[in-house]
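Visitor: I'd like a walk through this one, with the criteria spelled out. Can you put the structure up, please?

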Amino acid sequence: MSDLSLLMLGVLTAGQTSPPHNLPEPPVIQSDNGAQQLAAENLSQNSPPAEITQPEFMQPDSTSEAIAAPVTNKYQNLLNKIHKNISSQNFLNQDSQLAAETTPELSPSVQLPISPESSIAPEFSELSESDEQMSQVTSVSQLDDVQPTDWAFSALQSLVERYGCIAGHTNGKYLGNTAVNRYEFAHSLNICLNQIQELITKNQANTVSQVELDKIKRLQTEFHAELQEIGQRIDVLENKNIELKSHQFSTTTRLFGQAIFSLQGTNTTNIDLFPRDGIPERQGKTNLTFANSVQLTLATSFTGKDLLITGLSAGNLGSNASLISHNMGRLSFESNTENRVVINDLSYRFLLADNLGIVVGSAGVNAATTFRGINPLEGSGDGAISQFGQRNPILNIGNGTGGIGFDWEISDRISLQGVYSAEIPSFPGNSNLAGLFGGRYSAGAQLTLAPTNNLDVGIHYIYSHSPNDLLGTGIGDAQLISPFAPTTAFNTHAVGATVAWRLNDNLQLGGWGGFSTSKPANLSGSVETTNWMVFAALPNLGKAGNLGGILVGQPPKITSSNLPDGYNFPNFSNGGTPGGRNDTSLHVELFYRAQLNDRLSLTPGLLVVFNPDHNAANDPLIVGALRAAFRF
């Protein structure tokens, strides 16, 4: 993998989005506990705006190619698979993969994110260090790969020492066995002709004989058309270069953007708010809404082997969770900032070694943006329409925003990512509520494997400390205790795996599974959750660049809770006695992304949740959405 591709992986991660921070985890019923309310108020005063999805870093063709071309291609196959990640999410996300399949295939570059699954201009001076640049030589002995025994040695010696019109590469080689086309030959010939013309002008007639002049005239006649076309091409390139320099945004910074317009709504559902009697007490419905989300990402390189990522986001699409009394209908492109611009990514990525990338930042650093993306349907603008369809929910645990991470490329097929992230690292007040090592924080690792060229595997582990009873997954059972019980801190261990198998260019199958166990700090017992998803990705469905997706899964569900009586969430309306959920929700999703051109895609999608909130008494929830995404 190239140096920059190592850095871009989370970032280019086509389409890898960061989990929304401070996701709404409304308890089924409002608690009147004073301590819990005080903690919630303190957090709300210092938390970033709720439900903000971090921007993805674009992955257009020019991005990955511009980065990979000037540097070594040793890990090019990995770069082609990317987020990817990067990340996520978040950002540098990444149109070969973006348009063609939106699949940050694994073995990608470091989604430092690296992961995000990507994006610097080829004009960066540090990136222009090419082994293929030419330098003039004055003696054939300066060419390391030319020996006196070579059949063309005498010809090279004559051209170098008599006419001075042979150039070598900066690595001291001539590369005499490299094939050239007629244009390349014509270009080299033109250099020699100009050199010889200069010798003639200086009256060094004894240097060039009449026989040689006749040969030169014959060559000029034979390659007249090619020489003329080369001159025209040079004129065009010079004009383009002048235009680019006069209009360039920056010599060190590239700007990428995504604008989403979306139309969405749900059906009217009967909700059993207190599951003890199986009788619905509330009706859930959202209006048909038309919303927007805009994401801008600035990628700056100072050395050619680093990236400063600045992400800006604004939008007006909020979560439908509070209106339907659960969070299982959330969309992947939610971004409710009331159209105010917020900074949702400010991170610096650099290489500590050729195969080790580091990311550090006060925003945009978490498991979703640091781990390499495996799911080919990930992407808020071009992937699944649901929040659940983005990634294994255990990767969202902790709601991390700022911290430090790494991506270690152990070999061509094995890599290891790690991250430490805090939810509100900037808060200097109560250390029990926030800060870099207080409040809610998480640490985790992912072992990324590519056992074959068509199979990608990610094995995840997350540890998280929560000052209250919320996991922070943003989907499914994310509240751990009864809303009638006093809040308490929890420590969580979560493990999971994600697999993607590319059967061919037009079909990919995969899925994930996750398990978490959470223990309260001051109580006995524990709470366990599970989740799973299977999916089919259909790249190029209908035509090249389109993408179809089918997803079926179970959102996070409390399968076991053996806390003291009165604390258990599954039976909160019946005394809070121990036990897990009796029913199971089923998430079914279909979407089709039509790539109208290189910059615009249109995605209709349908999401159905059976037994929402893991309660068979609830009516099925139907969410429909039409998403238009512009990338620039």
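Guide: Helices (H or I, at least four residues) and strands (E, at least two) are DSSP runs, numbered from the N terminus. By that count the protein chain has 10 helices and 21 strands. This is a predicted model, where local features need pLDDT of at least 70, side-chain atom pairs count only at pLDDT 80 or more, and totals for chains, interfaces and linings use all residues. Residues are numbered from 1 along each chain as its sequence is written, and side-chain values use heavy atoms, with hydrogens and water left out.

Visitor: What comes after helix 5?

Guide: G164 follows helix 5, and its phi is positive, near 60°.

Visitor: Why is a set of residues called a nonpolar core?

Guide: Because its members are buried Ala, Val, Leu, Ile, Met, Phe, Trp, Tyr and Cys residues joined through side-chain atoms within 4.5 Å. The largest such core here has 25 residues, and F333, L377, I385, L551 and F591 touch the most other members. Strands 17, 18, 20 and 21 are the elements that give two or more residues to this core, with strand 21 giving the largest share, four residues.

Visitor: What does F333 touch?

Guide: Contact means heavy atoms within 4.5 Å. Leaving out residues up to four places away in sequence, F333 touches I260, S262, Q264, S293, L317, S380, I385, A625 and R627.

Terms used
Buried means under 20% relative accessible area, exposed over 50%, partly exposed in between (1.4 Å probe, protein chains only).
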